[in-house]
Amino acid sequence: MRSHLLNDTTAESYRRSVTEGVERVARKLATTRSPFTGVTPADLTPVVDAVDLDRPLGDASAALDELESVYLRDAVYFHHPRYLGHLNCPVVIPAVLGEAVLSAVNSSLDTWDQSAGGTLIERKLIDWTAGRIGLGPLADGVFTSGGTQSNLQALLLAREEAGTTDLTKLRIFSSECSHFSVQKSARLLGLGRDAVVSVPVDRTKRMQSVVLAAELEACRAEGLIPMAIVATAGTTDFGSIDPLPEIAALAAEYGAWMHVDAAYGCGLLASPTRRHLLDGIERADSVTVDYHKSFFQPVSSSAVLVRDGATLRHATYHADYLNPLPQALGSARAGGTPSTLAEQIPNQVDKSLQTTRRFDALKLWMTLRVMGADGVGELFDEVCDLAREGFELLAADPRYDVVVEPQLSTLVYRYVPEAATSPAEIDRANLHARKALFASGEAVVAGTKVDGRQYLKFTLLNPETTPADIAAVLDLIAGHAEQYLGETLVHAAS
Ligand SMILES: *Cc1c(COP(=O)(O)O)cnc(C)c1O
């Protein structure tokens, strides 16, 4: 079995095995005609169940053959131009190359003695991102597993900086369109059930800063503590960007930590034409970025950035076996003053909620070294332009009602029949259309609710998608919805 270990004697077997896998995926990518096959859990469960994990196949070719039927044949393919579902992007080749390198070398980014140059590469990308945001000379941060973890860590720092041990007094303000990980974080951080104050949005789905101001005033009047304001730069459903300068001013006035959740909108940091949409982000205390959403990186690749690197100490714990105290003191970057201690070891675990941690930063590194930031930003610009064209299509189409003009690359809309139909029936027609489309595999779209009603959603992150694709998918949806309404009419009449 030693022949399966990756080392000096098996380098040739590694090359053959990985090349074979890459060949198959390449063939798959070249021949996939739709984003999905429409396979159901009932179809696929017995196929996966039939695999006996205690009877190995022995060689990679056989395992790859089997993988075809249990996974590759029916996977959901994000690179396909008619995948318009969730916030998943097609990935850029330099990043996939980085992924192959990082898992073969298998560095762990918790300590210098498990990564060496990997630690410096991650730090340089953190500095690069903080520089693009404009967080100033003391900024720091760390790569995380995703936006959920980044938001949790940012709110942990905010809680520790709030200066009270009475957790029942702490309040977090975020818009009604903010990500549910804000609520989840509040629970994990031991705050009360009513800790998150949901601030209403305006017609463009941006937080109403006038209401935020009133809520902050009420919080103060009740003797409660405004722990944090979470501004969303790119809401998951609408891509709307909260008014960052107004929120920054209120955060300063009320002494609240300002966190910007730019999990989706972070792609604007590289955009050659739209960076101004993030104006005000430079005043944040912390920022979440998901490179795996708008930087075209494979899952996972995310980071949390902070204005004052010293606040990351709230995530610091010491273990004698890993990052013992004297060594950690030597690595402290607090205040930006380099320590004079001889043993100045940069251990990223001191800044992270994780211990063993993937070298995800390498993917972004390879991307920037091959394509440059403009290259990535132009891709994101293309999908934002596409969303604008899609909006015009929807706005001009009497079959559809579209909610809001896009700031980024999502469109929320619903099919509305010509003949008068009950709102509940329209909801069902839209739900049916989404399900039927998914079952056909011809395209994948998402769904959401607006004011309690069922809507559909395109998340456009593929520059290969064209306005013609959008028009074709709208025709497919209308067809499914009309068929549903026709059938229910027949049903009602008989
Ligand atoms: C996707 C998203 C998150 C969560 O990020 P994950 O990487 O899925 O954990 C948080 N906030 C916003 C605004 C998001 O769109």
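These legends describe close-up views of a predicted model.

**View 1. The residues around the ligand.**
The shell around the ligand holds 15 residues, and G147, T148, D261, D290 and K293 come nearest. Sorted by class, this shell has ten polar, three charged and two nonpolar residues. α6 gives the most to the shell, with three residues.

**View 2. Polar side chains at the ligand.**
A polar side-chain atom of T148 is 2.6 Å from an oxygen atom of the ligand. For H292, a polar side-chain atom lies 2.8 Å from an oxygen atom of the ligand. In the side chain of K293, an N or O atom is 3.0 Å from a ligand oxygen atom. On its own the ligand has 380 Å² of accessible area, and the protein covers 85% of that area.

**View 3. The largest pocket.**
The largest pocket contains about 1,600 Å³ of space. Its lining is made up of 45 residues. Which of these residues lie nearest the centre of the pocket? They are V25, L29, V91, V96 and P298. By class, the lining divides into 32 nonpolar, nine polar and four charged residues. At least two lining residues are supplied by each of α1 (11–31), α3 (60–70), α4 (93–105) and α10. An open sheet of five strands.
The five strands of this open sheet run in the order β1-β11-β12-β10-β9, with mixed pairing. At the edges are β1 (83–84) and β9 (400–402), each of which pairs on one side only. Strands of a sheet pair through backbone hydrogen bonds, in either a parallel or an antiparallel sense.

**View 4. The pairing of β1 with β11.**
β1 pairs with strand β11 (residues 444–450) in the parallel sense, over two bridges. Opposite L84 stands V445, a residue of β11. β1 is an edge strand of the sheet.

Is the peptide bond from V299 to S300 cis or trans? The bond is cis, with omega near -5 degrees. S300 is in the loop that lies between α10 and β8 (302–306).

**View 5. The backbone at N106.**
N106 is not a glycine, yet N106 has a positive phi of about 60 degrees. The loop that holds N106 lies between α4 and α5 (117–133).

Notes: Residues numbered from 1 in each chain as written. Predicted model: local features only at pLDDT ≥ 70, side-chain atom pairs only at ≥ 80, totals over all residues. Heavy atoms only, no water. Near = heavy atom within 4 Å. Polar contact = N/O pair within 3.5 Å; in protein donor to acceptor, adjacent residues only side chain to side chain. Areas by Shrake-Rupley, 256 points an atom, 1.4 Å probe, with all protein chains shown as cover. Helix = DSSP H or I, 4+ residues; strand = E, 2+ residues; numbered from the N terminus. Nonpolar A, V, L, I, M, F, W, Y, C, P; charged D, E, K, R; others polar. 1 Å grid on protein atoms, 1.4 Å probe; cavity = no way out; pocket = protein on both sides within 12 Å on 5 of 7 lines; lining within 4 Å. Points joined across faces, edges and corners; volume = space filled by probe spheres on them. Pairing = 2+ DSSP bridges.
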